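Subject: Structure for your review

Dear colleague,

Please find the structure below, together with its sequence.

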Amino acid sequence: MSESLGWPLWEVFVRSSRGLSHVHAGSLHAPDAAMALRNARDLYTRRNEGVSIWVVPADAIAASDPDSKGSFFESPQGKDYRHATYYVKSEGVKHL
Amino acid sequence: MSEASATRITPGNALRPEDIALAVQHGTARPSEDVGEYALRLGDDALILAQRLGHWISRAPELEEDVALGNIALDQLGHARSFLTYAGAAWGKTEDELAYFRREPEFRSSHLFEQPNGDFAVTIVRQFIVSYYQYELYRRLTASADATLAAIAAKAVKEVDYHRDHSAQWVLRLALGTEESRRRLLAGFRLLWPYVGELFEDDDLTARLGDAAVVPSALRADFDQLTGEVLTEAEIEIPQVPAALGGGRQGRHSEHLGFILAEMQVLAREHPGADW
Amino acid sequence: MEQQLQAVSGAAAQQSPEQQADAEAGQAYFDRAMAADSRIEPRDWMPDAYRRTLVRQISQHAHSEIIGMQPEANWITRAPSLKRKAILMAKVQDEAGHGLYLYSAAETLGTSRDEMMGQLVAGKARYSSIFNYPTVTWADMGAIGWMVDGAAICNQVPLCRASFGPYGRAMVRVCKEESFHQRQGFEILLELANGTPAQKQMAQDAVNRWYAPSLMMFGPPDDDSPNSKQSMAWNIKRFSNDELRSRFVGMMAEQVKVLGLSLPDAEIRFNEETKKWEHGALDWDEFKEVLAGRGPCNAQRMERRREAHEGGAWVREAATAYAAKMAAKNEVAA
């Protein structure tokens, strides 16, 4: 058996209809990008789920560090003024 | 649910075999016997291939390929059902009566479609030849004077276009991958190329049908050119092998068809007249 | 949970002080997530035992999908109508897809699919033992869809909320796609039950054979299921084996009336006091025999999987070699 020859892992993103973003659908194995796209088409759009597909080698994705949740995502906390709901005095004014 | 947008499930609105059955029922689709005979040829090719490909599911070299071959088999089975439903209307028969209760000489499949799966390379070569042939055929049939044949072809040509791509991708990979894969692929081409000729043979029926059908010999040049482009990239020369005597269109079949039918028809024939 | 905490801190004794501090912070975070019924994602800290349990469970689940293709694929070429042939083909193909989704979920825990597949073909991994029974008639396609997929759905719906994110998400997709599997099985049986006497007999025979094995799919009785408690504490499992089995029996008991068939169990009843469905005794010795590899088809199923995997090695190698050649070519060109 040839364990070392396993095909690499790809992440699949599917756009479900025009105008929407590509959303992560899952992953699969394929020898290269061309086959990854085709496998993704067969695997993740068998029921009309998509109009466009992206595939990305799984190891090409850089991810934020889950252990630094606190500091990495702390800054937006408490900045309520970035949200429309912060501004209550204008409530009731039409078309605002 | 969070991923609802990526997993939306809808049935689609393409032409289905059930739509043909409805049209037949309402009398809007009424083939002559000649058109029925022609539809049988196309339907039997697709049916026998679907039967062959169906055997791969759970046996493919990788799980992704189980799914891919399954999709191709389902496409072919869909085309078969549409063509057979329409053909049956010429004699008052259903798709199942045609598929399960005809005898071997009454089938109209050509020999290439009946060839065994062999290894993955043989299956890919068979699919490669079939897909390029069917693509040229269906592409022209969309302009058929027979509206139902044209409608079935319009659905089928898009699906077969993908089969073409799938098999061409694999021809390249097997041809240029490893020594073993190349050896197996070349053996597949030598084994199956003799059956290519039969696909492009004209006869009285296609002549009589005029612009309702496609003249098989007219497809050959485009078939040769487009397969040639892939084969050049794959560094493969078309094997110099003599063409095999066909006869499938007249009911003279390979040794394989009898076994295919024995398996396919056994249950239905044990219970004639039953519904499933 | 307490025991688990101790086990982890015991292991932590051999770590450096920093690692130990990280592990303790991780454990605290994990415990809060469990208490809040929140989700764990692949890169989060998690106890080793949780990771091992998940890899085992998800890979077994994936193997079951893949081996489970075989008993149904057995009838694709003989399906008695073209419509049924198409449906069956689509269903078996879906199962390959479900296996793929599940292997992907397990891979996020750091075990490659090759490794899991290697364990399966080496006979070192388990899969649902029901797939070691033979499919001898067409009605088995109905019984598998109705009963086996029905039991699987009972198991899987709560798994959509499993604490491990990728597993839950895979199950959401699987459950959506499986909604047709059980219905098509039920319809096969319904057609047969309303067909000729021979067809009806075929349907009843299949229901008789698949009834007990499908009840056993929920696993051993609660008092004989050592891992269940821990899985429930980890929010992987939401309901006990017996609880799910009882619900399933209730559904079958009602649905079988629509079919006009019967279940081979005279002791099925609704217990008004406990508000639970009860069923007759099951032969757990047989269950253990089949699980241990002595079912009617264990060897055959494994051999088929091995053939496909090892027989396909040259194809996978060819595609890998081609990808490497093309990458090298592009590099030279660039």
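How many of the nine residues of helix α6 (residues 113–121) of chain C are buried? In this predicted model, seven of them are buried, so helix α6 of chain C is largely enclosed by the rest of the structure. The buried residues of α6(C) are C:Arg113, C:Asp114, C:Met116, C:Met117, C:Gly118, C:Leu120 and C:Val121. Their cover draws on each of the three chains named here: it includes β2 (22–29) of chain A, α3 of chain B, and α3, α5 (82–107) and α13 (298–311) of chain C. After α6(C) comes C:Gly123, which has a positive phi near 75 degrees.

The axes of α1 (residues 33–44) of chain A and α3 (residues 63–88) of chain B come within 9 Å and cross at roughly 70 degrees. The two helices are therefore roughly perpendicular to each other, and the crossing is left-handed. On the chain A side, the contact is made by A:Asn39, A:Arg41, A:Asp42 and A:Leu43; on the chain B side, B:Glu64, B:Val67, B:Ala68 and B:Asn71 take part.

The axes of α7 (residues 139–159) and α11 (residues 241–259) of chain C come within 10 Å and cross at roughly 140 degrees, which makes α7(C) oblique to α11(C). This crossing is right-handed. From α7(C), the contact involves C:Trp146, C:Met147, C:Gly150, C:Ala151, C:Cys154, C:Asn155 and C:Pro158. From α11(C), the partners are C:Leu244, C:Phe248, C:Met251, C:Met252, C:Gln255, C:Val256 and C:Leu259. The contact of α7(C) with α11(C) comprises 11 nonpolar residues, three polar and no charged.

Turning to chain B as a whole, the chain has 12 helices and zero strands. Its C-alpha trace spans about 60 × 55 × 40 Å along the principal axes. For 276 residues, a compact globule would have a radius of gyration near 19 Å, and the 19 Å of chain B agrees with this. Buried residues account for 59% of the 276 residues in chain B. Where contacts in chain B join residues at least 6 apart in sequence, 82% of them link residues at least 24 apart.

C:Asp37 is located in the loop between α2 (17–35) and α3 (48–67) of chain C. Its phi is near 55 degrees, a positive value in a residue other than glycine. C:Asp37 is partly exposed, at a relative accessible area of 34%. C:Lys275 belongs to the loop between β1 (269–271) and β2 (276–278) of chain C. Although C:Lys275 is not a glycine, its phi is positive, at about 60 degrees. C:Lys275 is exposed, with a relative accessible area of 53%.

Yours sincerely

Key:
Residues are numbered from 1 along each chain as its sequence is written. Chains are lettered from A and ligands numbered from 1 in the order in which they are written. This is a predicted model: local features need pLDDT of at least 70, side-chain atom pairs count only at pLDDT 80 or more; totals for chains, interfaces and linings use all residues. Side-chain values use heavy atoms; hydrogens and water are left out. Axes are lines fitted to C-alpha atoms, for helices over the stretch in contact, and angles run from 0 to 180 degrees between N-to-C directions. Helices (H or I, at least four residues) and strands (E, at least two) are DSSP runs, numbered from the N terminus. Angles under 35 degrees count as roughly parallel, over 145 as roughly antiparallel, 65 to 115 as roughly perpendicular and the rest as oblique. A crossing is left-handed if the near helix is turned anticlockwise from the far one by less than a right angle, and right-handed if clockwise. Contact means heavy atoms within 4.5 Å. The radius of gyration is taken over C-alpha atoms; the globule rule is 2.2 Å times the number of residues to the power 0.38. Buried means under 20% relative accessible area, exposed over 50%, partly exposed in between (1.4 Å probe, protein chains only). Ala, Val, Leu, Ile, Met, Phe, Trp, Tyr, Cys and Pro count as nonpolar, Asp, Glu, Lys and Arg as charged, and the others, Gly among them, as polar.
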